[in-house]
Amino acid sequence: MMNKFFRHGTGSGARAINYLLQTNDHKGEARAGIRVMRGVPEHVAKLVDSLDFVHRYTSGVIAFHPDDEPTEEQVTEVLAEFERLAFAGFERDQYAFTVIEHVDSDGSKHYHTFCARVELRTGKSLNIAPPGWQKTYDHLVDHFNAKFGWQHPGDPNNARDVQPGFGVYQKAFADLTKSENVFAALDVDSHPRLVLADMIEQRVRAGIIRNRADIISHLSEIGDITRQGKNYISVRLPGESRNTRLKGTLFHEEFTGEAWLARSADSEKPERLSAPERAARRASRADKTAAKQSLERINECVDRRAKHNKRIYNSAAQQSKSPDQEHKRNLRKEPSSDPIIDQTSARRNTEKTGISTLKSAEKDTLRFVDNNLKHIFADSGDVGSGRGSLALHDTAGKTQRAGGDRSALLEGRRLDIDT
């Protein structure tokens, strides 16, 4: 099993969906089967075409090796986990997503994923495959390949001798007529990757190249080796401004001519393992420990992505009130049609405001008077002895503390001072 996202996403959603639903593939050959697994493709396409974003949709594919032979339950589990990871933290009404199954003539299946690049509640752009998406979705691939013993795309035995790369699909034949280009002298009409792979393969079969060091030595005769990775070699060819990356079994760090020739001879045999043999091989490749570890990484990615999505999209959604909330808020602001209700509400509001203001003023004034009286009676030594102390009465004359003869009326309260 493998997962990949495509670079395109700026064109017509309807055109993309129409292609995925066609009975014939891009070569004009009839597809063995087509089935919608998730969502309503036509609805998603209409939504995509209504967006004014530059990037309006994200499309990808989940593909299986012919020997994987996933069951219906396994496919359902894969798609559910993909959806959980891609749209972490979202409710179902926050995104538009569809999946379409294609069955090839050899019985292998692949599933096209297609979603609108918009979060539906806020209308903000949503990208489920940002730069570096491989680090996130590779855990998904690792988990299911380990759990069910499916073929892994990273296995050198499953790779092609040379992988042409994206440029080959964009341009069938490269322009090799540039001055000082080494391929112009070879009078070939193919992409440099394919020419170099053919050259290396012929030398492997002749016994001249026996390991990766020999490959690097021979490539150095043609161009400059700029980078070496576990499964690739990059070379800068004369007359070229960019590197050419060579990737595949021929350029893997564990490559040996002897193993490659043996594998090449086996691949020429047309026989295929029987169904029980294929099932037994899958069972032997299954690794519960690796599946558990990759699932833990998936859960970590889901948690991080969910927090990010809730912070970006839920906070934005809360800023825009719902119609019911807005209506209730307006009802509180709008005056009633009944004048009695309006007068009563106005009086209550005035009383509340007045009482609040009065209490605040009383506290400030009494605090001020108390401080000043303490200062006045400080010299007489009567402060705190019961003489010269405050006695506060309410306006009805109910005494809170006994007082003397002199009184002062302040803010609706009577202030008595003992002498």
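Glu 69 sits in the loop that links strand E3 (57-63) to helix H3 (72-86), where helices (H or I, at least four residues) and strands (E, at least two) are DSSP runs numbered from the N terminus. This is a predicted model, so local features need pLDDT of at least 70, side-chain atom pairs count only at pLDDT 80 or more, and totals for chains, interfaces and linings use all residues. Residues are numbered from 1 along each chain as its sequence is written, and side-chain values use heavy atoms, with hydrogens and water left out.

Most residues other than glycine have a negative phi. Glu 69 has a phi near 45°, a positive value in a non-glycine residue. Its relative accessible area is 30%, which means Glu 69 is partly exposed (buried is under 20% relative accessible area, exposed over 50%, partly exposed in between, with a 1.4 Å probe and protein chains only).

Now for a helix pair. Helix H1 (residues 13-21) and helix H2 (residues 41-50) have axes that come within 7 Å and cross at roughly 155°; axes are lines fitted to C-alpha atoms over the stretch in contact, with angles from 0 to 180 degrees between N-to-C directions. H1 is therefore roughly antiparallel to H2, a label for angles over 145 degrees. On the H1 side, Gly 13, Ala 14, Ile 17 and Leu 21 make the contact, and on the H2 side Pro 41, Glu 42, Ala 45, Val 48 and Asp 49, contact being heavy atoms within 4.5 Å.

Zooming out, the chain has 13 helices and eleven strands. Of its 419 residues, 35% are buried.

Methods. Parallel < 35°, antiparallel > 145°, perpendicular 65-115°, else oblique.
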